[in-house]
Amino acid sequence: MERLSAFLGDLFGDLWQPAKGLSLALFGVAVADLLVHGHWTGVVLLVVSAILIATIMDACGRFLLPWYPRAGLAFLELWIVAPASLAALASGLVILVALALAVPEGTAPFEKEAMGTVASALTAFLTTGFISFAGDSGTSRMAARIQRIFYGKYGRAESWPPPQDGRMHFIASSRAENLVYSNAYSGIEGWGLKARWERARRLEEEIERGTSTPQAADDIVMP
């Protein structure tokens, strides 16, 4: 996933973000075409199936955490299918409404301009919202969502033995704890796409080494 994103970023450069908006617009047109031809049931089933698949992938990712950070993250990234399908459906509906409200001949120029502006604004709103959610920056909703899930799977060891609560507990201020909880650590900043994949890679290495997990009561820093 990380290599694919890097490859696409190198290939398209500054066009990568607009390409996401273009892909949403194209999917919206495809959805609108299906709706125009009366395939409402098929569209609904496709969207529901996409959301169901995304939910299953998300559950798989949570199941793989905390022991396999990279594999878990790969599945968590696929959650984007859910908001993407909803955004495509909404975009298709906007196009459908715009077609239904097509300005008849003889309409005043002001009314034509107003209706066209409303349709354009709705499309831009949906596109911008999706790009904001699926953005590569550390401030996107997708980044915040994955950060929140990781926080729920890893914690600090404050008692011996650590509680069996489905989380992995690290020694206070250990490398693994910093990789999860420090916003900036060892050249990694935030939870953007590249940053979270680097966090997951290093975190998996730390888990394999076992140097960040307590081995005895002496490793515990009592609160």
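Q: In what order do the elements of the chain run from the N terminus on?
A: This is a predicted model. From the N terminus, its elements run α-α-α-α-α-α-α-β-β-α-β-β-α.

Q: How many helices and strands is that?
A: The chain has nine helices and four strands.

Q: And how much of the chain is buried?
A: Of its 223 residues, 39% count as buried.

Q: What share of the contacts comes from residues 24 or more positions apart?
A: Take the contacts with a separation of 6 or more. Residues 24 or more positions apart account for 68% of those.

Q: OK, helices. How do α4 and α9 pack?
A: Helix α4 covers residues 69-77, and helix α9 covers residues 193-209. They pack at an angle of about 150°. Their axes are 8 Å apart.

Q: Roughly parallel or roughly antiparallel?
A: Angles over 145 degrees count as roughly antiparallel. So α4 and α9 are roughly antiparallel to each other.

Q: Which residues make the contact?
A: From α4, they are P69, R70, A71, L73, A74 and E77. From α9, they are L193, R196, W197, A200, R201, L203, E204 and I207.

Q: New topic. How many aromatic pairs are there in the whole structure?
A: A search finds five. One of them joins Y151 and Y181.

Q: How are the rings of Y151 and Y181 arranged?
A: Their centres are 4.6 Å apart and their planes are at 20°. Planes under 30 degrees apart count as stacked, so the Y151 and Y181 pair is stacked.

Q: Where do Y151 and Y181 sit in the chain?
A: Y151 is in helix α7, residues 141-153. Y181 is in helix α8, residues 175-181. They are 30 residues apart, and the pair links distant parts of the chain.

Q: What's the relative accessibility of each?
A: Y151 has 29%, so Y151 counts as partly exposed. Y181 has a relative accessible area of 33%, so Y181 is partly exposed too.

Q: What kind of pair do Y151 and W191 form?
A: An edge-to-face one. The distance is 6.5 Å centre to centre, with 85° between the planes.

Q: Which parts does that pair tie together?
A: Y151 lies in helix α7, and W191 lies in the loop between β4 (188-189) and α9. So the pair ties together parts that are 40 residues apart in sequence.

Q: Is W191 buried or exposed?
A: Buried. The relative accessible area of W191 is 2%, and the cut-off for buried is under 20%.

Q: Which residues do ring pairs link into a cluster?
A: The cluster holds F150, Y151, Y154, F170, Y181 and W191.

Q: What lies over the face of W79?
A: R145 does, at 4.3 Å from the ring centre.

Q: What is S212 in contact with, leaving aside neighbours within four places in sequence?
A: F170, I171, S174, R175, A176 and E206. One of these, F170, also belongs to the ring cluster.

Q: Last one. Where does N183 lie?
A: N183 lies in the loop between α8 and β3 (184-185). N183 is partly exposed, at a relative accessible area of 47%. Leaving aside neighbours within four places in sequence, N183 is in contact with I188, E189, G190 and R199.

Note on methods: Residues numbered from 1 in each chain as written. Predicted model: local features only at pLDDT ≥ 70, side-chain atom pairs only at ≥ 80, totals over all residues. Heavy atoms only, no water. Axes fitted to C-alpha atoms, helices over the stretch in contact; angles between N-to-C directions. Helix = DSSP H or I, 4+ residues; strand = E, 2+ residues; numbered from the N terminus. Parallel < 35°, antiparallel > 145°, perpendicular 65-115°, else oblique. Contact = heavy atoms within 4.5 Å. Phe/Tyr/Trp six-rings, centres within 6.5 Å; stacked < 30°, edge-to-face > 60°. Buried < 20%, exposed > 50% of the residue type's maximum accessible area, 1.4 Å probe, protein only. Lys NZ or Arg CZ within 6 Å of the ring centre and 35° of its normal.
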